Amino acid sequence: MKKIEVVRRLLGNRARDPVKERGVAFAPSNIALCKYWGKRNEELNLPVTSSLSISLGSLGTKTTVSLAGRRDVVTLNGKKQPATSEFAQGVSRFLDLVRPHRRAGFRVDTWNSIPTAAGLASSASGFAALAMALDDLFGWRLDRKQMSILARLGSGSASRSVYGGFVEWRAGKKSNGMDSYAALFPRRWSELRVGLLTVSEQKKAVASRAAMRSTKETSPLYAVWPGQVKRDLALVKKAIETRDFDLLGRTAETNALVMHATSLGAWPPVLFWRPESVALMHRIWGLRASGVAIYFTMDAGPNLKLLFLKRDTRAVKKYFPRVKIVDPFGNIPS
Ligand code: PMV
């Protein structure tokens with residue numbers, strides 16, 4: 001099944017005429033505590049396993065979209081992106097799915113409060129915000145489940161960025177992916193903090209799409225991944241439910257390291273880490289050995305995301321002066 005057929009099913013007989021001049025939406029970035037790594041269907045971004053993430057509150061993407069002219073115009077943080085750039089092409093390919101007619105162009109303005117393509121999951125918030133802004137422009141009123149499916153067609157992890165807080169993306173079984181969408185994991189954890197340690201804001205050398213594919217196809221270690229996720233997902237949920245922070249941190253850190261280990265076994269090998277990433281891991285382990293409950297996770301890039309509790313904020317800031325601290329539940333009304 002093609003993406004466009006999924007969109008037809010999602011939209012049914014909803015109109016392709018704007019109900020307002022501009023659609024606007026914000027979507028948070030998200031960090032997986034139990035990762036999505038490997039697809040069972042590349043076209044529809046259907047995952048091999050389920051995954052669970054935490055959204056980053058007010059850090060994410062704001063997007064406005066309108067119908068204008070015959071060619072798409074895409075800006076990022078105020079700068080027009082060349083039509084040939086990967087960013088503009090990714091946006092235009094997504095817009096192809098909802099274009100009212102072939103010659104209709106869109107203007108899309110995007111503001112990211114996180115570095116783009118540095119492994120800080122900006123594609124997740126980007127496609128989620130775009131899907132939601134289109135819903136606003138066309139007045140579709142899709143429900144969250146439909147919105148999650150639409151966002152997934154842009155990027156897998158975007159399926160989780162249509163919610164704040166803890167979010168679970170269930171892998172689903174159907175070949176059309178209609179049962180593969182994210183849902184809120186309805187627990188708050190106000191003391192939880194995420195720290196962003198940026199090693200490099202440069203675009204990563206290998207895109208997550210290509211890395212996932214080659215890992216699944218060539219790494220002998222990929223065979224252990226589905227079993228690992230099954231265990232880790234259950235443990236992450238248990239940790240959240242019982243507010244067992246050490247269990248949460250340990251499980252998330254192991255899950256990330258196992259994910260990166262599967263990629264190392266690929267050919268050609270995929271290693272997202274820079275020497276600075278490894279140096280930071282040693283510093284985190286050192287701080288942990290001194291009694292601070294601090295853990296990390298990493299996505300398809302060189303940057304680290306710290307997990308700790310509010311009570312340790314001072315120690316973390318002292319040890320990592322450049323850390324950007326996120327309060328994931330700070331802007332979610334209880
Ligand atoms: O959504 P994508 O194709 O950018 O893949 C994201 C994959 C990871 O960030 C590494 C893991 C995850 O679950 O977000």
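User: Is the crossing of H6 and H7 left-handed or right-handed?
Analyst: The crossing of H6 and H7 is left-handed. A crossing is called left-handed if the near helix is turned anticlockwise from the far one by less than a right angle, and right-handed if it is turned clockwise. Helices (H or I, at least four residues) and strands (E, at least two) are DSSP runs, numbered from the N terminus.

User: And what sort of model is this?
Analyst: This is a predicted model, in which local features need pLDDT of at least 70 and side-chain atom pairs count only at pLDDT 80 or more, whereas totals for chains, interfaces and linings use all residues. Residues are numbered from 1 along each chain as its sequence is written, and side-chain values use heavy atoms, with hydrogens and water left out.

User: At what angle do H6 and H7 pack?
Analyst: Helix H6 (residues 225-242) and helix H7 (residues 245-264) pack at about 160 degrees, and their axes are 9 Å apart. Axes are lines fitted to C-alpha atoms, for helices over the stretch in contact, and angles run from 0 to 180 degrees between N-to-C directions. H6 and H7 are therefore roughly antiparallel to each other. Angles under 35 degrees count as roughly parallel, over 145 as roughly antiparallel, 65 to 115 as roughly perpendicular, and the rest as oblique.

User: Which residues of H6 meet H7?
Analyst: Among them are Trp225, Val229, Leu235 and Ile240 in H6, and the H7 side includes Leu247, Leu248, Val258 and Met259. Contact means heavy atoms within 4.5 Å. By class, the contact of H6 with H7 has 10 nonpolar, five polar and two charged residues. Here Ala, Val, Leu, Ile, Met, Phe, Trp, Tyr, Cys and Pro count as nonpolar, Asp, Glu, Lys and Arg as charged, and the others, Gly among them, as polar.

User: What about H2 and H3, how do they pack?
Analyst: Helix H2 (residues 86-96) and H3 pack at an angle of about 40 degrees, with axes 12 Å apart. H2 and H3 are therefore oblique to each other, and H2 passes H3 in a right-handed crossing. Gly90, Val91, Phe94 and Leu95 of H2 make the contact with Phe127, Leu130, Ala131 and Leu134 of H3. The residues of this contact of H2 with H3 divide into seven nonpolar, one polar and no charged.

User: Changing topic: which residues touch the most other members of the largest nonpolar core?
Analyst: Leu134 and Phe166 do, in a core of 82 residues. Helix H3 (residues 122-138) gives the most to this core, with 10 residues. A nonpolar core is a set of buried Ala, Val, Leu, Ile, Met, Phe, Trp, Tyr and Cys residues joined through side-chain atoms within 4.5 Å. Buried means under 20% relative accessible area, exposed means over 50%, and partly exposed lies in between (1.4 Å probe, protein chains only).

User: What does phenylalanine 166 touch?
Analyst: Not counting residues up to four places away in sequence, phenylalanine 166 touches a set that includes Leu33, Leu52, Ile54, Leu184, Trp189 and Phe329. There is also a second, separate core of 16 residues, which includes Ile284, Leu287, Ile294 and Val316.

User: And valine 167, buried or exposed?
Analyst: Valine 167 counts as buried, at 0% relative accessibility. It lies in strand S8 (residues 166-169). The C-alpha atoms of valine 167 and phenylalanine 185 are separated by 5.0 Å, although these residues are 18 residues apart along the chain.

User: Where is the cis peptide bond?
Analyst: The bond from tryptophan 267 to proline 268 is cis, with omega near -5 degrees. Proline 268 has its place in the loop between H7 and helix H8 (275-289). Most residues other than glycine have a negative phi, and most peptide bonds are trans.

User: Which asparagines have a positive phi?
Analyst: Asparagine 45 has a positive phi of about 50 degrees, and asparagine 77 also has a positive phi of about 50 degrees. Asparagine 45 lies in the loop between strand S2 (39-41) and strand S3 (46-47), and asparagine 77 in the loop between strand S5 (73-76) and strand S6 (79-80). Asparagine 45 is buried, with a relative accessible area of 0%, whereas asparagine 77 is partly exposed, with 41%.
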